[in-house]
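Hi everyone, thanks for coming.

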Amino acid sequence: MHGEYKELGQKMVIVDLDVIDDRIKNLKISGDFFIEPDSALWRITEAIEGLPAETNSAGIQEAVQGAVLPTDNLFGMTPLGVATAVRRALGKALDWSDIDFEVLHTPVIHPVLNMTMDETLPEAVAAGEHKPFMRIWEWDRPLVVMGSYQSYSNEINQEGVDKWGITVGRRITGGGTMFMEPGNCVTYSLVVPTALVDGMSFQQSYPFLDAWAMEALSRVGVNAKYVPLNDISSDKGKIGGAAQKHFASGYMVHHVTMSYDIDADKMLDVLNTGDATKKNRGHRSANKRIDPMKSQTGMARADIIEVFKQTFIDRYGATEGEITERDLQIAKERYETKFSTEEWIKRLP
């Protein structure tokens with residue numbers, strides 16, 4: 001049984017093992033990492049040898065940490081890297097190459113339906129009605145979308161919302177408020193098995209899941225990086241942010257909104273900037289911090305989206321899929337019963 005894992009910023013860890021009587025046996029750890037002294041590698045190997053094959057990532061990491069002495073030097077190898085390679089060898093953790101992906105491009109729809117599909121489409125994937133996917137959003141009207149745990153009155157300036165006729169919604173993920181206008185953002189959602197991020201913290205999983213997007217941004221001439229926890233920034237300023245939610249089904253949604261262009265004055269008109277403290281919060285100064293992709297690339301939004309789609313296809317062998325009428329109908333029903341209701345939108349007044 002064979003598993004490999006290259007943690008971001010680290011070296012490749014390769015594991016070969018057998019499972020005998022439900023325990024890890026004949027373990028061999030190799031790779032292009034550096035470790036001193038040699039005996040540290042043998043101690044790590046011995047600490048994992050004999051563990052139950054069902055040991056989770058945290059348990060394997062604990063065994064590795066217990067085998068490492070303060071005088072040992074590990075470069076390019078971490079307990080997480082070893083644990084993930086072991087779990088992949090055991091078939092408990094997945095690699096991107098283990099997943100048959102599709103790329104979806106949503107038709108132009110009500111923006112809250114897009115948020116609704118971040119709940120309904122993972123259900124379809126879990127039921128075998130869709131492959132895991134990367135989905136590009138399109139929408140027909142401006143939207144202010146709050147994080148799941150934000151207060152409506154703290155975030156939304158109702159006078160500005162009424163003035164501009166802005167739709168207000170609440171998504172299922174945490175994070176901050178976003179102002180999204182048609183044609184002014186690039187938003188995508190990933191739905192993947194949670195086994196893809198097995199053993200990773202939330203902070204570790206964000207850049208891991210968006211490594212392909214960093215490549216896409218590089219292809220369009222934007223030098224981007226992650227700023228913990230969930231911001232994506234370039235040399236010239238913030239581009240956007242990410243959020244995610246794990247479901248009991250064993251799948252998760254991870255979505256990202258990046259600014260293509262921005263009407264900063266309108267944005268600040270509809271967000272609540274009622275006192276000095278609030279003005280210092282992230283989105284309050286967004287008109288100074290955000291540097292959209294349009295100004296950095298000079299490319300049309302549609303062309304940037306095509307680069308994103310092609311990058312995902314090239315990297316993970318994805319195929320083109322489609323949003324079906326059934327997908328839309330299920331989303332509309334959920335929209336009517338949940339996402340459009342005052343009970344949901346103002347669940348934290």
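A quick definition to begin: buried means under 20% relative accessible area, exposed over 50%, and partly exposed in between, using a 1.4 Å probe and protein chains only. Please keep in mind that this is a predicted model: local features need pLDDT of at least 70, side-chain atom pairs count only at pLDDT 80 or more, and totals for chains, interfaces and linings use all residues. Residues are numbered from 1 along each chain as its sequence is written, and side-chain values use heavy atoms, with hydrogens and water left out.

So, is Pro-52 buried, exposed or partly exposed? Pro-52 counts as partly exposed, because its relative accessibility is 35%. You'll find Pro-52 in the loop between helix H1 (38–48) and helix H2 (57–67); helices are DSSP runs of H or I with at least four residues, strands are E runs of at least two, and both are numbered from the N terminus. Leaving out residues up to four places away in sequence, Pro-52 touches Asp-22, Arg-23 and Ile-24, where contact means heavy atoms within 4.5 Å. For Ile-24, 28 residues apart from Pro-52 along the chain, the C-alpha separation is 6.2 Å.

Now the second largest pocket. A pocket here is an open set of points on a 1 Å grid over the protein atoms alone, where a 1.4 Å probe fits, with protein on both sides within 12 Å along at least five of seven lines; lining residues have an atom within 4 Å of a point. Its lining has 17 residues, with Tyr-5, Lys-6, Arg-88, Asp-95 and Trp-96 nearest the centre. Strand E1 (2–6) and helix H13 (301–316) are the elements giving two or more residues to that lining, and E1 gives the most, with 5. Thanks, all!
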